[in-house]
Every structure is written in structure tokens, then in C-alpha cells.
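Keep the picture in view as you read.

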Amino acid sequence: MKNKRFVAGVLVPIFLLIIVFLFVPLLLGLGISFFDYNPLRAQNQFIGLNNYFKLARDPVFLKVLNNTVFFVFVTVLFNILFTLGLSIFISALPSNKTRSFFRMMYFLPCIAPMVGSTSVWGSRVFSTRTGILNTILVQLGGKPINFLGNADTVMWAIIAFTIWVDFGYNTILFSAGLDAIPGTYQDAAKIDGANAWQRFTRITLPLLERTFVFVLIMTLISHFQMIVQFMTLATRGGPNYASTVLTLYVYNLGFVTKDMGYASAVAMVLFVI
């Protein structure tokens, strides 16, 4: 009986928080998406599914959706490959102190405030005049590139920043998963004559499956929800919406143009994804 009371005492507040801050806003957002809703108006007309029909005819939404899918696909792919390779390198180090040092160093970007990191990258890495990249290009005889003001480069610049700022967390997870694999499996495979690639594909990856699936799902969710770097690195979503993603589009529709009904419809599409 005491255990049941303890479980109820722990879980009930959490469920209340989930209901108040997740389910209620979700239902309200769904309801608002059926209205031509502007918070500054006293009366808001019910328009049914018109906001959703409008999505299919909105070229900006289709471009933004394409930007979002492209951003998530590229960043998640490179993040997974890079962090997995880095974790294998760290786990192969003989000293536990050395492994801990590298994990700490790689995790530092994750604890830095995102706004501060984007400000540094914008002014010291991507800047046309004082950025490190353009300084190197000029020294090599090239011309400066406006990384954040060019429609062809702005998304790639944000992708590069996102991979840098987010790789430490997955590196820690993969490292933990690799450390949990008994070394006897690798030793037995070496005795049987398996090379490094065979040991990786037939031992390491199968035993790392649960960690891999967790990392993949959590990275996908977090990257679909990213907005800070898109708001601070590229002003107003970049030239011709080149760096506008769904989260930023929802923000601009809802809080800049005050078209809350249409913003809620876009947000519901993001929720379904």
C-alpha cells in the first residue's frame, strides 16, 4: 500500500504537468487551426479545414517544408556518422582518464548557451569581413563569401554550426553503449580471424542497436524542433526563405503577422511529422 502511494505521489504530478503543458496546448492549437484567428481581433471566424487546404497551395510552406526535411536529413546523417566514429576512437583509447577528458571536451558545446554560440559563429566564423573562413579564403587568393546572406550557402552554414553544437551529446551516448559491450566478444572475433570491419558490422553494430535507435529517434525529434540558430544566424529566414524551417515559419506566422490560425495548422503538420 505504501509503495502504491509513493508511485502515485511521484507520477500524478508528472501526469498533471504533461496534461497542462502538453495535451491542453495541443488541443487548443488544433482548435485554433480551424479559425481565421488573430489574437488582436475580438471576433474570429470559423473556417473549418481552409487553413489545411491553404497549405497545399502555399509555395512558401512547401519550400519551408523542403528546407526542414533537407536540414534534418543532412544534419542527422552527418551527426550519426561523425559521433559514432568519434565514439569508436574514444573507446579505443587505453586510459580511462584520457577517454573522460575527450568526452568532457566534446560535450562543452552542448552546455554553452545556443544564442551565445550562434553569435560567436556569426561574427567570428561566417562574417564576410572578420570571419575565420573568409580570412582563410582571402589569404589563399579567393574572394570573400557572404555565407549567411547567400541563398546557396546559408543553409549549409547553419548545418555546419548545428553539427558542431550538437555532436557532444550523441558522442557520450554512443561511448556509453560501446563501453557496455564486453571486450571478450572482440577478442574471440580476433582469434577467429575477423578483421576490423567484420568486427564492427557483425559485433559492434548489432550490440549497439538499442543505443543507435534511441540516438536516431531523439536526434530526429530535436532537429525538427530547432529554431534558435535559424533566428539568430540568418535574419528573417534568409534570402528568399532559403533558411526558413517549419519552427521559424510557425513563429513568424503566429507572432509577427499574427495569423495564429494558419500558424497552428503548420504547427499541426510539424506535430504529425
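Lys and Arg count as positive here and Asp and Glu as negative, while His and the chain ends are left out of the count. On that basis, this predicted model carries 19 positive and 9 negative side chains. The centres of these two sets lie 8 Å apart.

Now look at the fold as a whole. The protein contains 13 helices and two strands. Here are some overall values for it:

| Property of the protein | Value |
|---|---|
| Radius of gyration | 23 Å |
| Box filled by the C-alpha atoms, along the principal axes | roughly 75 × 75 × 30 Å |
| Accessible surface | about 16,600 Å² |

For comparison, a compact globule of 273 residues would have a radius of gyration near 19 Å. Carbon and sulfur atoms account for 69% of the accessible surface. Of the 273 residues, 35% are buried.

Next, step inside. The largest nonpolar core has 46 residues, and those with the most contacts inside it are Phe 71, Phe 126, Phe 230, Tyr 249 and Val 266. The elements giving two or more residues to this core include helix 3 (59-91), helix 10 (209-224) and helix 12 (246-256). Helix 7 provides the largest share, 10 residues.

Which residues does Phe 230 contact, leaving aside its neighbours within four places in sequence? They are Phe 71, Met 155, Ile 158, Ser 243, Val 245 and Leu 248.

Note on methods. Residues numbered from 1 in each chain as written. Predicted model: local features only at pLDDT ≥ 70, side-chain atom pairs only at ≥ 80, totals over all residues. Heavy atoms only, no water. Helix = DSSP H or I, 4+ residues; strand = E, 2+ residues; numbered from the N terminus. Rg over C-alpha atoms; globule rule 2.2 N^0.38 Å. Buried < 20%, exposed > 50% of the residue type's maximum accessible area, 1.4 Å probe, protein only. Areas by Shrake-Rupley, 256 points an atom, 1.4 Å probe, with all protein chains shown as cover. Charge placed at Lys NZ, Arg CZ, Asp CG, Glu CD. Core = buried A, V, L, I, M, F, W, Y, C linked by side-chain atoms within 4.5 Å. Contact = heavy atoms within 4.5 Å.
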